[in-house]
Amino acid sequence: MGKPTDLVQGTLVLLILKTVALEPMHGWGIALRIRQVSKEALQVNQGALYPALHRLEQSGWIKAKWGDSDNNRRAKYYSLTPAGRKYLEQEEANWKRLSTGIGLVLEMS
Amino acid sequence: MMRWLYKLPLRFRTLFRKSHVEQELSDELRFHLEKLIEENLAKGMGPEEARYAALRDLGGFEQIKEECRDMRRVNYIENFLQDVSYGLRVLAKKPGFTFVAVLSLALGIGANTALFSLVDAVLLKTLPVQRPDELVLLDESGGPGTVQYFPYPVFQQMSTESRVITGMLASFDADGTLRVSVRISGGGTTAELAQAQLVSGNYYSVLGVNAILGRTITPEDDKVPGGHPVAVISHAYWESRFEHDPSVVGKTITVNGHPFTIIGVTPQEFFGITPGHPPDVTIPLMMQAQVWLAPGQAIVNDQRFGWLRLMARLKPGVAENLARAALTTRLQQFEIRSAGSVLSAEDRHAFLQHAVQFASASKGLDSLRRQFSKPLLILITIVGLVLLIACANVAILLLARAIERQREFAVRLALGAGRLRLIRQLLTESVLLSSTGGALGCLLAYWARNVLLSLISRSPLPISLHAPLDSRILSFSIGLSLFTGLLFGLAPALQSTRAEIAPAVVGGSVSRESTGRRFWSSLAQLLVSFQFALSLVLLVGAGLFLRSLSKLNRLDAGFSRDNLLLVSVDPTMVGYKGTQVLDFYDEVLNRVASLPGVHSAALSSHSLLSGGVDDAGFAVAGYTPRPGDARGVNLNLVSPGFFRLMGIRILLGREFELRDNRNAPPVAVISEAVAQQYFGSENPVGKTFGWGGPSENTRVEIIGVARNVKWDSLRNEGARIVYLPFQQNPPWHDPLGQVTFEVRTERTALSMVAPVRQQFQSIDKSIPVFDIKTQNEQTEESLIQEHLLAALSAGFGVLALALAIVGLYGTLSNDVIRRTHEIGTRIALGARSANVVWSVLAQVLRLVLIGVAVGLLGTWSISRLVDSLLFGLTPTDPGTIGVATLLLAVTAILAGYVPARRASKVDAAVALRHE
C-alpha cells in the first residue's frame, strides 16, 4: 500500500458529514471510521479535521454535544442538524455527478 | 433555514464564555491525542515513544487550536477589543500629544454640536405635534399685499370645509407680542408679565396635543364671547411659577385683571406653533376682550379686522391645489357676501382675484427662521471650518507620531502582522482620539449652547428656545466624531504601514531620509498651509463683522443715546380706562422728573430702535404719489418735551408744549423724510394733513419738522415718522396702552433703575413694569444679529488661529528632528545659528504665503454670503484683509521661532554621531 492520498479540497467536508450522518461521533471516531471504511485508502489529516469540524459546527451543519466515551472519558460528539442533512444530500448528488463526469472522461480513450 | 438557531448560541459562547470554550477545545484535542497514543501502544511502542509519535502525527497542537479559533469567526471583535486596549495604552504613554489632539477635537466638535443644536431648534425641527407634515399655514394673496391675519368670521367660514381639511385652527398672537399681566392668587399682590396666546377651541385637537395634567381647551370652551375664563399653562410656566404643583388645575390666576381658572398643563416639549416664542398662558379666543385691547372692545365678530393666524391640517390624500381651491371659494363667497349690496362690479372682480395660499407649517411659524437663518448659516460654516482645522491638526500630530513609530511598525510587519490589521489598529487609535474628543466636546457643547441661547435671547422680542441636547444632537456629534477620526486617521495609517521594512529595521536611525518620509513631511506642511488659509478666511470674516458692528455703533442715530433709561408699562392691563390712563402718565412724568439725579422725563408710544411699528395713512391735499414713493407713515405719540429730552433737533417750527392738550386743535411734528416726500422744498409748517380713509375729515396742523432719526433699525435711513401729542390720540387709533417712559439721567442710567421703579410701585403696585433698560441696551438689542456674528466669529477666528499655530509648531518640531543630521552637518561646516533660524523661518513664511494665497480665494468665494450682513464696508475691504494677514503672519513667525531656536542649538558633534 502506497502513501494514503491526501483528500481533495472540499471532499473532507463531505466525508465528515456522511460519517456523522449515521450516528453521533467524536473527532477520533470520525477519522478512524473514514480510514476503516475506505480500507485505509483515505487518511484524514488530523490538522485539518478539527478546524473543519469547528467550521461545520459554526456554520450550523453539525452540532456538538459532550458525552461519555469508553473508559468514562468525556468526548465531544458531533451529529448532523436538519440543515446539515439537506446540505449533505445536495453535496452527495453533486459529488456523484462530478465523479460520473470524471469517470466518463477517463474512459474515453 | 433554521441554521441560525445553532449558530447564534455558539457565537455568544465564543464571545462571552471564552475560557470555557478554550478549555473544551483543549479537552477535545487531548482526547484525540490520548487515542493516538493508545493506538501506538497497541502497535507495540513503548510509552515515551508512543507519546512522541502521536504528537508528531497530530502536527502543531497550538497551530490546530489557532485554526479552530479562526473558524469561530468572532476574531474581529476580539481583535477590536485588543486594538482598543492597545490604543489606550499607546495614547496614555504620550499624554502631551493626546491632550493637544483631544482638546483640538473637543473644541471643534463641541462648537459644531452646540451650533447644530441651535440650527436644529431654529431651522430643522418639526413641531412636536402629530403628523406635522399635514399642517399648512394660510395666507391670502391677490389683494394689495399678502394678508397673513384673518378676521374671526373668515376663520369660521373656512374651517368647516371638511371635504379637504381635517381641521383648521386660529391663534393670536403666536409671534410673541401679546404680553399680559398675571397675578397668581395667593402668590402675593405683585403682577408679573407673561406671554399669552389666544386660540380657537380646536387648537389642541387639530395639533394633536394632549395635556399632561388636567385637560386642554376644547371647542366647548370657545363659544360665547367673554364666557369661558379658562387657561392652559405651559410646562415651563408650571415649573417656574407653580413649582410643579400637581394641584395647579382648578387654581385661579388673574390675567389683565380678569380671573381665569387653570384647566391643564401642556407637555414639556410643546412650545406652541412658533419656535422661540412659547406662550406661558393659553386662553380661548372668545376671551379676547378680557386680555387684549380695551375691555369691551370685542373684535371676534368684526368681519374686516384681521388678527388671526390660521393653520389647517390637510386631509390625507387630498391634492394641495384642490384644497387651496376649495378654501379660496369659501373665502371669496364670504367676502362678497359680507360686502352686501354695496358691492360694485369692480369690487366683485377684485374679490375674485383673492386666493388662499399655503405655506408648509410643519416647522411652525417662521419668524425666527427668517431672522436667524442667514447668521446661523454663516456660523455653521465658520464652525465647520474650525473643525476642519482641528482635524488637520490631529492629522499633523498623527503624521509626526507615525514617523516616530515607523520602527515599531516595521518590526511588526517583519514579524508577519498583516498590513490591514495594522491600519485597523491605527484607525482604532484615531477613532479613540476623536471619540474622546467628541465626548468632551459634548460637555463643551452643553456650556456653549447656553452661551449661544443667552446671546440670541437678547433680541427685542425675547426669544426662548427649546434646544435640548437630545438624541438627535448626540447622534450628530457621535457621527461627527467617527467621521473625523477616520478622516484624519487614514493618511497617517497608510503612511506608517508602508512596507519599507528593511531600511527601518536595519538602519534604525531616525535621521535617515527616505523619499516616503519627505513626501509625508510635505503633506504635513500642506496641511499647515491649508490651516492658515482657513484661519485667514475666519479672521477676515471676524474683522468684517467687528468693523461693521463698530461702524453701526458709532453711527449718528439722530438722537442722544447715553444716560437714557427706558421704562415700559401698560396701565390698561389692570383696568385703567380713558382719562384715568392719561392722568397716570402725567403723574409718573411729574414724579420721575422731580427725582434727584433725573434731568428730565418724557414718554412715547414707541421708543426709538425698539423695532415696533405703528402704521398710519397720511393724506395731503394736492399730493400725487410718484412711482416708487413709499406709502403711509409711522405714528409716534409723545409727551411735551420729548424732542428736547431725546436731543432730536427741531429744524423748523416748534415742538409740543403743555398747551397742546386734548382740548387744543390737533397738531403734529413730522420728520424730515415726511416733509421731503410730501412737501418737497416747501415749508410744511402751518400746512395740514388728514389720515386718509373715506370717513376721516380731521385736519391736523403741522407745527414743526424734526431731524430724521433711526426708527426700527440703525441700518435704515430716513424713517417717515409723524409725532403727535399723546393727549391728542386720534379716535381711529388704538387707545394708548403700553408706553415707554424716557428718563434722562445725570449720571449713568443704570444707577437710576431702583429709584425709578420705586416711583411706579408707589403710584400703583398692581401695574406691571414690562421692561427697564437703557437706550444703549435697546440699541444693542436691535443689533442682535450683528452682535452674535461679531462675537462668535471673533471667538472662532482666534480659536482657528490657535489651532493652526499648534499645527505649525508640531510640524516644525517634527521637521527639525527629521533634519537634525542635515542641520548638524551644516553647523559643522560653519553655518551660523542665525542662518539656521532664518532657514526655518523662511519655511514658515513660505507656508504662510501659500496659506494667504489660498485663503484670499476663500474669502472671495464666501463674500456673497456675508455681504448683506455687513455695514459700511465691502467683503473685500483691503484694510481688514491686510490686518488679518498681518496677524496671521506675525503669530506664525512667533510660533516658528521656538523650533527655529532649537534647531540652531543642535550640537554638530552629537548630530553627526547620531547616525
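User: What is the radius of gyration of chain B, and what would a compact globule of 915 residues have?
Analyst: In this predicted model, chain B has a radius of gyration of 38 Å, whereas a compact globule of 915 residues would have one near 29 Å.

User: What does the C-alpha trace span along its principal axes?
Analyst: The C-alpha trace of chain B spans about 130 × 80 × 60 Å along those axes.

User: And how many helices and strands are in there?
Analyst: Chain B contains 28 helices and 22 strands. Of its 915 residues, 42% are buried.

User: What share of the contacts join residues at least 24 apart?
Analyst: In chain B, the share is 82% of the contacts between residues at least 6 apart in sequence.

User: Switching to the interface: how many residues are in contact on each side?
Analyst: On chain A there are 20 residues in contact with 22 residues of chain B.

User: Which one gives the most?
Analyst: H3(A) does, with eight residues. By class, that side of chain A has six nonpolar, eight polar and six charged residues.

User: One more residue: where is Asp70(B), and why is it classed as buried or exposed?
Analyst: Asp70(B) lies in helix H4 of chain B, residues 61-71. Asp70(B) counts as exposed because 12 other C-beta atoms lie within 10 Å, and the cut-off for exposed is 12 or fewer.

User: How far is Asp70(B) from Ile823(B)?
Analyst: Their C-alpha atoms are separated by 51 Å, and the two residues are 753 residues apart along the chain.

Key:
Residues are numbered from 1 along each chain as its sequence is written. Chains are lettered from A and ligands numbered from 1 in the order in which they are written. This is a predicted model: local features need pLDDT of at least 70, side-chain atom pairs count only at pLDDT 80 or more; totals for chains, interfaces and linings use all residues. Helices (H or I, at least four residues) and strands (E, at least two) are DSSP runs, numbered from the N terminus. A residue is buried if 20 or more other C-beta atoms lie within 10 Å of its own, exposed if 12 or fewer, and partly exposed in between; C-beta atoms are placed from the backbone. Two residues are in contact if their C-beta atoms, placed from the backbone, lie within 7 Å. Ala, Val, Leu, Ile, Met, Phe, Trp, Tyr, Cys and Pro count as nonpolar, Asp, Glu, Lys and Arg as charged, and the others, Gly among them, as polar. The radius of gyration is taken over C-alpha atoms; the globule rule is 2.2 Å times the number of residues to the power 0.38.
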